[in-house]
Amino acid sequence: MNRMEDAASLAAWAGGWLSIDLDAIAANWRALQERTAPAECAAVVKADAYGLGIEHVAPALDRAGCRTFFVAHLAEGVALRRLLPPGRTVFVLNGIPPGTAPVFVTHDLLPVLNSIGQIAEWRAAAFEAGRPLAASVQIDTGMSRFGLPPHEVVELAGQAHGLAGIEIRLVMSHLGCADTPDHPANQEQLASFERLASLLPPAPRSLAASSGIFLGSRYHLDLVRPGVALYGVPPTARRPNPMRPVVRLQARVVQTRRVQPGDWVGYGAMFRATRPTDVATVAIGYADGFLRASSGGVASLPDGGPMLPIIGRISMDCLAIDVTGVPVDRVREGMPLDLIGPHRPIEDAADAAGTIGYELLTSLGNRYHRSWHAGR
Ligand SMILES: *Cc1c(COP(=O)(O)O)cnc(C)c1O
């Protein structure tokens, strides 16, 4: 292989860099564990740890002290199991796809049982295994998405052998409006959860994800399940962010030019200059997961200063930034500009795209170079 084409060189030529601060993820987990103790703080690492690389994120959380993990899919659980030392608990939120109970048993994964059918499947697996099998049972307290609706909880509680062979490790439900603290659904879901959970055999209870944690200790119960807050996204809308930022997204300047009044920039001529304007083209576009709806957002120099408007439409592989007034030696070819970073919080970048931090994070692709930092 040509020396110029080794991995390090290829990375150095990437159009963009996403750097992920594993220490910040660990610090966020510790902060949430402190806030919620004596409850246990688990970690949700579904969707490749919200796009940040489960193979780095899960071991970092484990080193921080996390002992219980949640993924959405069975395949994510199988992959996660290989990344963790023995003795860690892994729950699969979406439950058991039909016929897959043996895979759960082989990989020591605990399904979140969401329906009477899934409970029957797990009961049969326990019978087959000749020993009790652990699982979580989910109750639907309002979202109408996953879990047993109230009448099925009552039904299940009335059956002598409904949960035979199942060791309930966790009874859980999920809040639908927790990022809006004064939404009446929060109280209603908590009350409904406490009432329904008390019908089932005694087991640890869990209701709160990231936002739910900040509704107060009544919502913490025995275990909390934060995801997005670990990754630095603020858990409560329109409140200061209590979490440490985790990601920085930088795009490389490919070319700069000066355009004159009347000149236009990008597809559809959506931007037209009204004064002499310095334009930097940077090598991140919507194919990198930087949403086309972010046209109209801003970027920043790595060390701050005035915000630099993104102008014209975002293309597949690039976008244009108005760098008028920035000294030329700060925006030369190859230099980075921040699309998410210390001076451009992820929630603001998400806002500019008309979406939420969750979607922005999980959209960020892997065409650019991802790097993980720890130990500072
Ligand atoms: C995704 C998910 C979480 C984590 O939610 P965040 O809002 O990211 O903290 C917790 N519980 C369930 C059931 C989920 O689906």
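Predicted model: local features only at pLDDT ≥ 70, side-chain atom pairs only at ≥ 80, totals over all residues.
Local features were taken at pLDDT of at least 70 and side-chain atom pairs only at pLDDT 80 or more, whereas totals for chains, interfaces and linings use all residues. Residues are numbered from 1 along each chain as its sequence is written, and side-chain values use heavy atoms, without hydrogens and water.

The ligand is surrounded by 14 residues, each with a heavy atom within 4 Å of the ligand. The closest are K46, Y50, S210, G227 and Y358. By class, this shell holds eight nonpolar, three polar and three charged residues.

Polar contacts (pairs of N or O atoms within 3.5 Å) were examined next. A polar side-chain atom of Y358 lies 2.5 Å from a ligand oxygen. For G227, a backbone N or O atom is 2.7 Å from an oxygen of the ligand, and for K46 a side-chain N or O atom is 2.8 Å from a ligand oxygen. Of the 390 Å² of accessible area that the ligand has on its own, the protein covers 91% (Shrake-Rupley method, 1.4 Å probe).

No disulfides (cysteine sulfur pairs within 2.5 Å) were found in a search of the whole structure. C41 is in no disulfide, and the nearest cysteine sulfur, that of C66, is 6.6 Å away. C41 counts as buried because its relative accessibility is 1%, where buried means under 20% relative accessible area with a 1.4 Å probe and protein chains only.

Conventions: Buried < 20%, exposed > 50% of the residue type's maximum accessible area, 1.4 Å probe, protein only. Polar contact = N/O pair within 3.5 Å; in protein donor to acceptor, adjacent residues only side chain to side chain. Nonpolar A, V, L, I, M, F, W, Y, C, P; charged D, E, K, R; others polar.
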